[in-house]
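Please read it alongside the coordinates.

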Amino acid sequence: ATLSLFGQNWKYDFERKGYPDIDIWHADSIASINVYRSVVYSTLFRKIPTLKGDLLYHVVLNDKHQKAEIIKYYPGSGDVGSRYVFDYSPDCLVKISMLKTNGKIKYSWVFKNGMLMAETSYGAKQAKADEWTYTYIRDSLIENVIKHDQKNKVEYKLHYTYDSLYRLVESKEYKNNSLIQISKCFYDSNGRLKELWFYPLHTNVLSF
């Protein structure tokens, strides 16, 4: 919610999307899973679907019953759109790579203990186009969101500050090392959000 409210990832990266987050429960005896698009019927003519619909994803599990690969298909044509390959390391790091049909990496995500640590996009020659990195406090609260360009220069930074109760009190947004916006949160005596201040260019106050 914090990233959705204050983060600017989508401002500069409209094309990037997350990998398919398909949860698998009690998968100890499952080798693979197919996910189909549901068939939608009019409310006036309720019927039980006789077909599975279009195949959207094929999920392959490894010998430890973890997701090893997700293959995404284009609905209708059935052609392979992209593949998501999962790599696991002993120190709780998980890397997910999105491969195009030619096998080249388009995006990758790195998680540690379920927390997103980095996401990277790649150019046609597999060179790094840009990279977003994330740091946390208390292993749960986002502290910094930083975008690096292909030369590892910081293009964008978002920094969050919390009070002693770990409530968000301030965020600072930088672009090319210049501070462009500050947001501040104020709470009432019951700990409920009271006001949001945004400045510069103009001081905007939202009261609750």
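His65 has a relative accessibility of 37% and therefore counts as partly exposed; buried means under 20% relative accessible area, exposed over 50% and partly exposed in between, with a 1.4 Å probe and protein chains only. The model is predicted, so local features need pLDDT of at least 70 and side-chain atom pairs count only at pLDDT 80 or more, while totals for chains, interfaces and linings use all residues. Residues are numbered from 1 along each chain as its sequence is written, and side-chain values use heavy atoms, with hydrogens and water left out.

**Setting of His65**
- His65 is located in the loop between β2 and β3 (67-73); strands (E, at least two residues) and helices (H or I, at least four) are DSSP runs numbered from the N terminus.

**Chain totals**
- Two helices and 14 strands make up the count of elements in the chain.
- The chain has 208 residues, of which 29% count as buried.
- The accessible surface is about 13,800 Å², and carbon and sulfur atoms hold 54% of that surface; the areas come from the Shrake-Rupley method with a 1.4 Å probe, and for residues only the protein chains shown count as cover.

**Nonpolar core**
- The largest nonpolar core has 26 residues, and those touching the most other members are Ile70, Tyr84, Ile96, Trp109, Val145 and Tyr160; such a core is a set of buried Ala, Val, Leu, Ile, Met, Phe, Trp, Tyr and Cys residues joined through side-chain atoms within 4.5 Å.
- Elements giving two or more residues to this core include β4 (80-88), β5 (93-99) and β6 (105-112).
- Beyond its neighbours within four places in sequence, Tyr84 has contacts (heavy atoms within 4.5 Å) that include Ile70, Ile96 and Trp109.

**Aromatic pairs**
- There are four aromatic pairs, where rings of Phe, Tyr and Trp (its six-membered ring) pair if their centres lie within 6.5 Å, and planes under 30 degrees apart count as stacked, over 60 as edge-to-face and the rest as tilted.
- Tyr107 and Trp109 form a tilted pair because their planes are at 50 degrees, with centres 6.2 Å apart; both residues are buried.
- Phe186 and Trp197 are also paired and tilted, at 4.8 Å centre to centre and 50 degrees between the planes.
- Phe186 lies in strand β12 (residues 178-187) and Trp197 in strand β13 (residues 193-199).
- Ring pairs join Tyr84, Tyr107 and Trp109 into a cluster.
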